[in-house]
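Colleague: I would like to learn how to read a sheet and its cavities. Can we go through one example together?

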Amino acid sequence: MTKPDEKFHTQITTPAPDMGTGPLPVEPYISAEFFEKEREKIFRRAWLEVARVEELPNPGDYVVRPIEVLKTSILLVRGKDGVVRGFHNVCTHRGMAVAICDKGNAQGFICNFHGWTFDLDGRLKGLPGEEYFANLDRADYGLRPVATDTWNGFIFVHWEPEPKIGLREFLGGMATQLDDYPFARFNHIARYSARVKANWKTFIDAFHEAYHVMMVHRHTVPDACAGQENPYGLLSTARIYGPHHSGSVWVNPNHKPTPSETLAWKYGMSFAPGDMVDLPGLNPDKSANWWFDINVFFPNFFIDVGPGWYFTYNFWPVSVDESTWEMNIYQLDAETAGQKFAQEHTKVLLRDILYEDLSTLEFAQKAMGSGVLKHLPVSEMEIAVRHQLHTVQEWVNRP
């Protein structure tokens, strides 16, 4: 008689591709040639999240997003008709940026090189000395558009002016899972960012598994997602939606809150494990011991949702071994001083956890770049790591 398997396992509740069980190759994390393929076949073919609609509330509001992996800068602007449009931030005369501030409000855009002017719709409105340009048709020299669309208040852009797949179809089941989450009720409370000497996949891989928590976060949340029942912090459930994936982080029911956690949860909601708040889109598999969900939108965007808070990550490649990262934290309105304290607890706790996460990245990248490691043994505990690279390789090998 075979002894029953008493190990804790992650339950995968959607169909999943055959991703194998062998070690992962190091080459995709260090190869400049592979990185160029990622630029062309992933980042120029995928919808990429770049902003929230609340950043552009009024006509004329604009933000500029440099996207180094695309070798361009994107200008997002809300038109007089209320529509948010995206353009390459490039004057069509000689290539100067038409918006040189990160954000602002404008009636139109004037190039600081020769004074060409564009309206909020991107049309070329005027140019000094027009009579000296032979056969120039203004209609041919508007700002170059970028495909732009919005889901649940998140603004996405696509390198191709007319993508073969629309945003909603691209997001698929990942969007369906979060369609009803009330993002509009949350307020932005903090932003953190970093530029790190690590491949963008090395960076992402440190943020979508909980196996590392017992070591990396032993000083901040030592017993939060590991305990007697689940000693290595496996995700309780996971879901795969085409290139995207989602995992629910198990919470230790015997977690011992610190005094500051106890105080934060007394008056409000904190990132630290605590009470459950019933919001649509949370805990889709109704796991018994649930902390929060890690939702990964391929290729480089996360929305992690929890009780009374959510936060986003954007991981942007710069080169094969350098990346930038930005985190934005949102919480429900703080109506009392106590709730404000709970928000501050979330900000500070996440800051400390992130410092710990960032401490591992450059060591890992250097080790892979040294040639000492040729492959990486990845376990069931790191299913998201395996799925991310599986998807990257699938896209890179497409015609």
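**Sheet, helix and cavities**

Modeller: Gladly. Keep in mind that this is a predicted model. Helix α8, residues 383-396, lies across β1, β14 (235-241), β15 (244-250) and β16 (290-297). The helix runs at about 170° to β15.

Colleague: What is the order of the strands in the open sheet?

Modeller: First the general idea. Strands of a sheet pair through backbone hydrogen bonds, either parallel or antiparallel. Now this case. Eight strands line up as β1-β14-β15-β16-β17-β18-β19-β13, and the sheet is open. The pairing is mixed.

Colleague: Which strands are the edge strands?

Modeller: Look for strands that pair on one side only. Here they are β1 (11-12) and β13 (186-196).

Colleague: Take β17 and β18. How many bridges join them, and do they run parallel or antiparallel?

Modeller: Six bridges link β17 (residues 301-306) with β18 (residues 309-319). The two strands run antiparallel.

Colleague: Which element supplies the largest share of the lining of the largest cavity?

Modeller: Helix α7 does, with four residues. β16, β18 and α7 (337-369) each supply at least two residues of that lining.

Colleague: How do the residues of this lining divide into nonpolar, polar and charged?

Modeller: Sort them by class. The lining of the largest cavity has 16 nonpolar, two polar and three charged residues.

Colleague: And what is the volume of the second largest cavity?

Modeller: About 90 Å³. The second largest cavity is lined by 13 residues. Closest to its centre are Ala-238, His-245, Ser-246, Ile-383 and Ala-384.

Colleague: Which elements give two or more residues to the lining of the second largest cavity?

Modeller: They are β14, β15, β16 and α8. Strand β14 gives the most, with four residues. This brings us back to our opening: α8 lies across β14, β15 and β16.

Colleague: How many residues of each class are in the lining of the second largest cavity?

Modeller: Seven are nonpolar, five are polar and one is charged.

Note on methods. Residues are numbered from 1 along each chain as its sequence is written. This is a predicted model: local features need pLDDT of at least 70, side-chain atom pairs count only at pLDDT 80 or more; totals for chains, interfaces and linings use all residues. Side-chain values use heavy atoms; hydrogens and water are left out. Two strands pair if DSSP finds at least two bridges between them. Contact means heavy atoms within 4.5 Å. Axes are lines fitted to C-alpha atoms, for helices over the stretch in contact, and angles run from 0 to 180 degrees between N-to-C directions. Ala, Val, Leu, Ile, Met, Phe, Trp, Tyr, Cys and Pro count as nonpolar, Asp, Glu, Lys and Arg as charged, and the others, Gly among them, as polar. On a 1 Å grid over the protein atoms alone, a cavity is a set of points where a 1.4 Å probe fits but cannot get out, and a pocket is an open set with protein on both sides within 12 Å along at least five of seven lines; lining residues have an atom within 4 Å of a point. Grid points are joined across faces, edges and corners, and a volume is the space filled by probe spheres set on the points.
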